[in-house]
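The sequence and structure come first, and the description follows.

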Amino acid sequence: MLSYEDILLLFPEAKGIRFPGLTFGMIATDPGEKMSKGLYVPLDGGADLLGPIESGAIASLWPQDMAVPAHVPNHFPLFIVDDMKLAYERLIACWEGGSDKQIKPPRG
């Protein structure tokens, strides 16, 4: 299981609320997939976070070069990254060091 602090160590630029102690139950790349306490990774460059939020995402990685949608609530943390695929690989490597893993591979 990864925590907010773990993700912040990997990706120190963040927007939204600072949420020490928050833990993620899974990492997901499919915006429509049910994700309990999920960290959403928009590998396909999807700019809409409404679907993932409705599906249970509690935070997301976000591309540095893309504006944050106005509908994203301040209590939904965004971790800003330069390269989404590289960031996803780093997340997986970090997640594999923990237990209770639930990684969802990218669609493709």
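## Helix α1 and Asp 6

Asp 6 is found in helix α1, which spans residues 4–10. Helices here are DSSP runs of H or I with at least four residues, strands are runs of E with at least two, and both are numbered from the N terminus. The model is predicted: local features need pLDDT of at least 70, side-chain atom pairs count only at pLDDT 80 or more, and totals for chains, interfaces and linings use all residues. Residues are numbered from 1 along each chain as its sequence is written, and side-chain values use heavy atoms, with hydrogens and water left out.

Asp 6 counts as partly exposed because its relative accessibility is 28%. Buried means under 20% relative accessible area, exposed means over 50%, and partly exposed lies in between (1.4 Å probe, protein chains only). The C-alpha atom of Asp 6 is separated by 9.9 Å from that of Pro 20, and the two residues are 14 apart along the chain.

## The sheet

Five strands make up an open sheet with mixed pairing, in the order β2-β7-β6-β5-β4. Its edge strands are β2 (14–15) and β4 (26–28), each of which pairs on one side only. Two strands pair if DSSP finds at least two bridges between them.

Strands β2 and β7 (residues 78–81) run antiparallel and are joined by two bridges. Lys 15 stands opposite Leu 78 in β7. Strands β6 and β7 run parallel, with four bridges between them; Pro 63 is opposite Val 81 in β7. Strands β5 and β6 also run parallel, and three bridges join them. Here Tyr 40 stands opposite Ser 60 in β6. As for cover, six of the seven residues of β6 are buried.

What is the position of Ile 92 in the secondary structure? Ile 92 lies in helix α3. Ile 92 counts as buried because its relative accessibility is 19%. The C-alpha atoms of Ile 92 and Ile 27 are separated by 8.5 Å, although these residues are 65 apart along the chain.
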